[in-house]
Amino acid sequence: MVAVDPDEDLVRRVGQGDPAASQVLVERKLPRILALAHRMLGDAAEAEDVAQEAMLRAWRQAPKWQAGKARFDTWLHRVALNLCYDRLRRRREIPTAAPPDRPDEGPAPDRGLLAAETGARVDAALARLPDRQREAVVLCHYQDLSNIEAAALMDISVEALESLLSRGRRALRQSLADLSPKGGGDGR
């Protein structure tokens with residue numbers, strides 16, 4: 001049995017064509033879906049495309065939504081993850097010679113340089129994780145889903161999720177060991 005869905009009434013109203021409900025749904029869900037897509041893809045433009053497509057599918061699905069089968073938020077995350085995986089598969093099929101240049105989005109050249117470097121290193125380490133480990137880490141640490149919610153979303157057991165998280169965290173710790181204040185410890 002699915003727990004009470006906090007979005008049930010909102011989705012029903014969106015399905016009935018209520019423009020105010022549509023706006024609330026976008027305001028409530030778009031930032032998290034955009035963050036999920038950005039973490040999974042590492043590309044802001046692609047993340048925006050995925051988030052927009054996920055929200056469009058939510059809007060189209062709203063009139064047919066059946067409460068009680070799954071939480072709407074879980075369904076929306078699954079849609080966004082599937083769209084991300086579609087793009088990741090296409091990337092593997094079309095190799096590129098070099099990654100595109102990214103503009104520095106920091107406030108000024110002399111401020112935030114270390115934070116930008118650290119963020120880029122974390123993003124790169126996250127991108128090197130196997131897909132399922134990255135998905136588990138993103139869902140639990142960046143999307144703030146519980147282990148139970150993330151496991152259900154990934155269609156795996158909580159134990160399997162915890163194993164993916166453990167391996168993903170270990171790989172991230174090793175990749176980013178030099179950033180540790182202790183100078184390379186494994187966090188124990």
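Residues are numbered from 1 along each chain as its sequence is written. In this predicted model, local features need pLDDT of at least 70 and side-chain atom pairs count only at pLDDT 80 or more, while totals for chains, interfaces and linings use all residues; side-chain values use heavy atoms, with hydrogens and water left out.

**Exercise 1.** State how many helices and strands the chain has, and what share of its residues is buried.

*Solution.* Helices (H or I, at least four residues) and strands (E, at least two) are DSSP runs, numbered from the N terminus. By this rule the chain has 8 helices and 0 strands. Buried means under 20% relative accessible area, with a 1.4 Å probe and protein chains only. Of the 188 residues in the chain, 31% are buried.

**Exercise 2.** Describe how helix 1 and helix 2 pack.

*Solution.* Two packed helices are described by the angle between their axes and the distance between the axes. Axes are lines fitted to C-alpha atoms, for helices over the stretch in contact, and angles run from 0 to 180 degrees between N-to-C directions. The axes of helix 1 (residues 8–15) and helix 2 (residues 19–41) cross at roughly 130° and come within 8 Å. Angles under 35 degrees count as roughly parallel, over 145 as roughly antiparallel, 65 to 115 as roughly perpendicular and the rest as oblique. Helix 1 and helix 2 are therefore oblique to each other. On the side of helix 1, L10, R13 and V14 make the contact (heavy atoms within 4.5 Å); helix 2 contributes A21, S22, V24, L25 and R28.

**Exercise 3.** Describe how helix 6 and helix 7 pack, and name the residues that meet.

*Solution.* Helix 6 (residues 131–142) and helix 7 (residues 147–154) have axes 9 Å apart and pack at an angle of about 140°. Helix 6 and helix 7 are therefore oblique to each other. From helix 6, R132, E135, A136, L139 and C140 meet N147, A150, L153 and M154 of helix 7.

**Exercise 4.** Determine whether H77 is buried or exposed, and list the residues that H77 touches.

*Solution.* First, H77 is located in helix 4 (residues 72–93). Next, the relative accessibility of H77 is 1%, so H77 counts as buried. Finally, leaving out residues up to four places away in sequence, H77 touches R32, I33, L36, L139, Q143, L145 and L153. Among these, L139 also takes part in the contact of helix 6 with helix 7, as does L153.

How values were computed: Buried means under 20% relative accessible area, exposed over 50%, partly exposed in between (1.4 Å probe, protein chains only).
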